[in-house]
Amino acid sequence: MYFSELSVVLSSCICFGDAIGFFGLGNSFRVLLRDVNVTSETFGDPPPVKTKWIEQPLDHFNASETSTWRMRYFERLDLWKKGGPIYLFIYGEGPAGPTFLKTGILYELAKETKGAMFLSEHRFYGKSKPFDNLTVQNLMYLSSRQALADTANLLQTIKMTSKFNSSKVVVVGGSYAGNLAAWMKLLYPNIVDAAIASSAPVLAKTDFHEYLEVVRDDFEQYGTEGCLTIISDIFKRYEKLFGTPKGIAQLKEEENICNNTDMTKLENMQIFFMDKASVFMANAQYGTTDTIKDHCIEISQSSRVLSVKDDESSNWSKRDDCFNYDFYENVEESKKIDWLTAWMYQSCTEFGYFQSSSSTSDLFTKNIPAELFATWCMAAFGSEFNMNQTEEGVTKTNNLYGGCLPNVTNVVFVNGGLDPWSKLGVLEDISYEAPAEIIPRVSHCSDLFSDSHDDPQELKDSRKYIKYLIKKWIGAGEFIKAVS
C-alpha cells in the first residue's frame, strides 16, 4: 500500500481539495461533503447550473507570453434579479463541482438577496489545466498570484455584460480558497466589494508545529480522561521499537509493513509516524467534540492507533497484501495524482505549511520534522526545492499579502475553535470592517454549509452574523426593498 497522500488523504475545504496541509489543505471539503444533504432541490428538478469556460492568459504578468488556456467555471442565475449581487465561490486545490451553488451560505445569500451565483476552478486543478503534463517547467505558472488574476479576469468578464455591470461582487472561499477570497479584496478592491474568508491560513509558515499542538489540545479538552497518556505511550512505544532491529521486526509484523521496506531509513520511519498522527489530525480538523471523545474511547479499548492505511475508503493500494512506507516510492506514486502534485508544488514554493512535531509540548514524539517535507519537495521537484527555497517563498507570500494583518476592509475572517489551521488565521479584528469570528467547538470551514439540526447554536448564530455583515457591506437591504 503506497503512502501516496502523506498526512491525511482526505481532501482544501472541498471547496476545497483532499488532504491535510502539505498534501491538500484545500481538499478538505470532499470530506465534509460526504454527509451533505444538498437541499430539497436534489429530489426535484435539478437547479439550472451551467458549466462554462473562459480563455485565460498563461501568464498575467508577462506581456511577451501570449499563450492561453481554458478555465472552467459554473453559473447559476435562476435566483437572480436585475441589479442583484454577484456571488463567486472560489475553489482551491481540487476539482471543482457545483455543490455550493445548491447549498451553503453562498446559496442562502443569493436566495435572500436575489443574487447570481458563480463558482470558479483553480488553474492546474480539475479540468482547468494549462498543460497535460505537470513538469517543473510547466508548474512555474502555478501560483496564488496567477490564480487571483484569473479570478479577477473572470469577474471583469462577467461584469462586462450589461445585466451585471452595476452588480456588487462578493467572493467566498474556505481553507486555501479562503486565503484567495481575502486576497482578492486586497489586490482587486475595485472589483470585489466584500468577502468571506473561512478557515483561511493567511500566514504562510514553513515549520507549522502549532498544528499538532492544537490537535493535542483538542484531545486533552474533549477526549476522555487519560486519553493523552494512552496516545503518548503508544507513540513512545513506536519510537522504542524503532531503536533495535528486533523492535523493527516486531513493528513490521504488527503493522503489516512490507518485508522489503527498509524501516531503518529515517524518511521511512518518519512517514510512518506521520501516518499514525494523521488520524488524530483528521478528527481535529474535520471532526466534532463527540468524534474526538469516541476516538479516545476506541483507543482506550484497543490500545492501538489506526491510521490512513486502515481506512477502506482511503487511496492506499495494497502491494502483496502489505503496506509500503518507502519514502521515495511514495513520492513517485504521489506524482501520479495531478491535484496532489500541484498542491505540493504550491506548498514547496509559496506556503510551507509543514505540520511538524517539533514542539516540546507535542504528543506524537519528535519524529515528524519539518525537514521531512523539505526532503519530499526535493525528491518530487529537484534539489533546488530545498528548505531555504521554501522559506524564501514563504517570506515573499507574507510580504505580498500581509500575513495575519492584510490591509483589507469588508472581509469577515471565520475560524472554528477546534480547527488546527486557525493558528495561521486572523483571530482578532483587524478593524471594524474586517472582523474575526471564532466559533467554539466547530472544525474546518463549518460555517460555509447550511444549518443542520445537530449544529451547535453558536455555529447557527455565526452564519446569521456573517450573512448580516455581507448584506450590510453590499447594501443589500435597499435593493431587496426595491425589487419586493
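The report below takes up the disulfides and then a helix.

This is a predicted model, in which local features need pLDDT of at least 70 and side-chain atom pairs count only at pLDDT 80 or more, while totals for chains, interfaces and linings use all residues. Residues are numbered from 1 along each chain as its sequence is written, and side-chain values use heavy atoms, with hydrogens and water left out.

With a disulfide taken as a pair of cysteine sulfur atoms within 2.5 Å, the count comes to three.

| Pair | S to S distance |
|---|---|
| Cys227 and Cys296 | 2.1 Å |
| Cys258 and Cys322 | 2.0 Å |
| Cys348 and Cys377 | 2.0 Å |

The link of Cys227 and Cys296 is left-handed, with -85° about the S-S bond. Because Cys227 lies in helix H7 (residues 227-241) and Cys296 in helix H10 (residues 289-302), this pair ties together parts that are 69 residues apart in sequence; helices here are DSSP runs (H or I, at least four residues), numbered from the N terminus. Both cysteines, Cys227 and Cys296, are buried, a term that means under 20% relative accessible area, with exposed being over 50% and partly exposed in between (1.4 Å probe, protein chains only).

For Cys258 and Cys322 the torsion about the S-S bond is about 95°, so this disulfide is right-handed.

The torsion of Cys348 and Cys377 about the S-S bond is about -90°, and their disulfide is therefore left-handed. Cys348 lies in helix H12 (residues 338-351) and Cys377 in helix H13 (residues 370-381), so parts that are 29 residues apart in sequence are tied together.

Among the buried residues of H4 are Leu148, Leu155 and Ile158.

Terms used. Helices (H or I, at least four residues) and strands (E, at least two) are DSSP runs, numbered from the N terminus.
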